[in-house]
Amino acid sequence: MRLLRLLPLFALLTAPLAAQAKDIVIAQIAPLSGPQAVTGKAIAAGARLYINHINAQGGINGSPIRLVRKDDGQKPEETLRLVKESLKEEEPPVAFLGTVGTNNVEALVKDGILARSNVPLVGAVSGASSVIGAPGVFVVKAGYRDEVERLFAHLSQLGQKQVGLVFQDDALGADVIAGAEVAAARNGINLVAQAGYERNTTKVEAAVNAVLKANPQAVFLGATTAAAIEFVRQYRQKGGLATLYGLSIIDTQQLLDKLGPGLARGYAFSVVVPLEQQNTLSLNREYSRLKAAANDPELSARSMEGFIAAKVLVSALRQGGGNGPAVLKALQAMRKVDLGGYAIDFSQRNRPGSTRVDFAMIGEGGRVFQ
């Protein structure tokens, strides 16, 4: 009888715990098929690495985080459809993470779905000025124009002022071109070639021939991973000798794996999130430790970006208690948050969370030098 009298009290005490155990849903709408699948999967793997770590520690106030992935094939109309579909589900996400592509993020911004729902997109995989600072969009790395400005200033100092530009013919390319033209004028750079290729393809033959004909001292690849790999392959095989500089979104591990140390040697690239081997940072040491234990084949050079996005989101979840609008407010309030040697600051609406830009190069035997 005494036990029966205690059951209602026990139920009252445990009810809050049961409520807390409900999953916190995070959704990634990104390419899991097609040429950009390598990026979508790598970003997801980095986010999953940190989320699994947090769940192993008890989640957010006892609630586990569940990462849901949906394939948009990098088609903007699919990105928008799947975001709207996710928000109508029985367990809608409190945040989106790692959507890939400028056109794709622009589709969400133009529709206004993120602003209407008060559900943020964290770690949007785009550095275009058209999405940085847009309502509900949080970019955790430097913008494309930051990359181009730093690179052209660097090339000018080296006396390499004849530069070719290869770009994807879409919103990504348009932002790269606009930034390049401003940076070129400021740094005395002559853009001797501007060659585009069709979005979401590897049809770079015309761009290769145009750059070979112009014979620049350096070439900047405002391209995605698969197209950049094909450009480097064809350009080097046809005798191109210019130094090739890649935009940060190009997965250097994939490039090295596909081309081999011979063709990849001398390829330089922007670094906007810390390189994995930069073990002086506690962020990198944490990433390396968790990666070694996870043994996830989808982890690659791009995964650090997903890892950082997940850390930013977890910080906001802890402050917002897993509530969508509260998470959005927590993100908007982030000021100089140290993730372990990498700072995030969303105080300036027209700037990304970080403006850090460095450079590195693939050297002999595939080693990366910074």
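Modeller: We'll go through strands, then loops, then the inside.

Modeller: This is a predicted model, where local features need pLDDT of at least 70, side-chain atom pairs count only at pLDDT 80 or more, and totals for chains, interfaces and linings use all residues. Residues are numbered from 1 along each chain as its sequence is written, and side-chain values use heavy atoms, without hydrogens or water.

Biologist: Strands, then. How many bridges join strand 8 to strand 9?

Modeller: Four, and strand 8 (residues 218-222) runs parallel to strand 9 (residues 243-246). Helices (H or I, at least four residues) and strands (E, at least two) are DSSP runs, numbered from the N terminus. Two strands pair if DSSP finds at least two bridges between them.

Biologist: Which residue does Val-219 stand opposite?

Modeller: Leu-244 in strand 9. The chain gets from strand 8 to strand 9 through helix 9 (residues 225-237), in a right-handed β-α-β crossover. Right-handed means that, with the strands pointing away from the viewer, the path from the first strand over the helix to the second runs clockwise.

Biologist: And what joins strand 9 to strand 10?

Modeller: Two bridges, with strand 10 (residues 268-271) parallel to strand 9. Gly-246 has Phe-269 in strand 10 as its bridge partner. Strand 9, helix 10 (residues 252-264) and strand 10 form a right-handed β-α-β unit.

Biologist: Loops now. Where does Asn-61 lie?

Modeller: Asn-61 is in the loop between helix 2 (37-56) and strand 2 (65-71). Its phi is positive, near 55°, and Asn-61 is not a glycine.

Biologist: Is Asn-61 buried or exposed?

Modeller: Exposed, at 51% relative accessibility. The cut-offs are under 20% relative accessible area for buried, over 50% for exposed, and partly exposed in between (1.4 Å probe, protein chains only).

Biologist: What about Asn-118?

Modeller: Asn-118 also has a positive phi, about 60°. Asn-118 sits in the loop between helix 5 (113-117) and strand 4 (121-122). It is partly exposed, at 33%.

Biologist: Last topic. How many cavities of 30 Å³ or more are there?

Modeller: One. On a 1 Å grid over the protein atoms alone, a cavity is a set of points where a 1.4 Å probe fits but cannot get out, and lining residues have an atom within 4 Å of a point. The largest cavity holds about 100 Å³, a volume being the space filled by probe spheres set on the points.

Biologist: Which residues lie nearest its centre?

Modeller: Gln-36, Gln-74, Gly-101, Thr-224 and Ile-249, out of 16 lining residues.

How values were computed
On a 1 Å grid over the protein atoms alone, a cavity is a set of points where a 1.4 Å probe fits but cannot get out, and a pocket is an open set with protein on both sides within 12 Å along at least five of seven lines; lining residues have an atom within 4 Å of a point.
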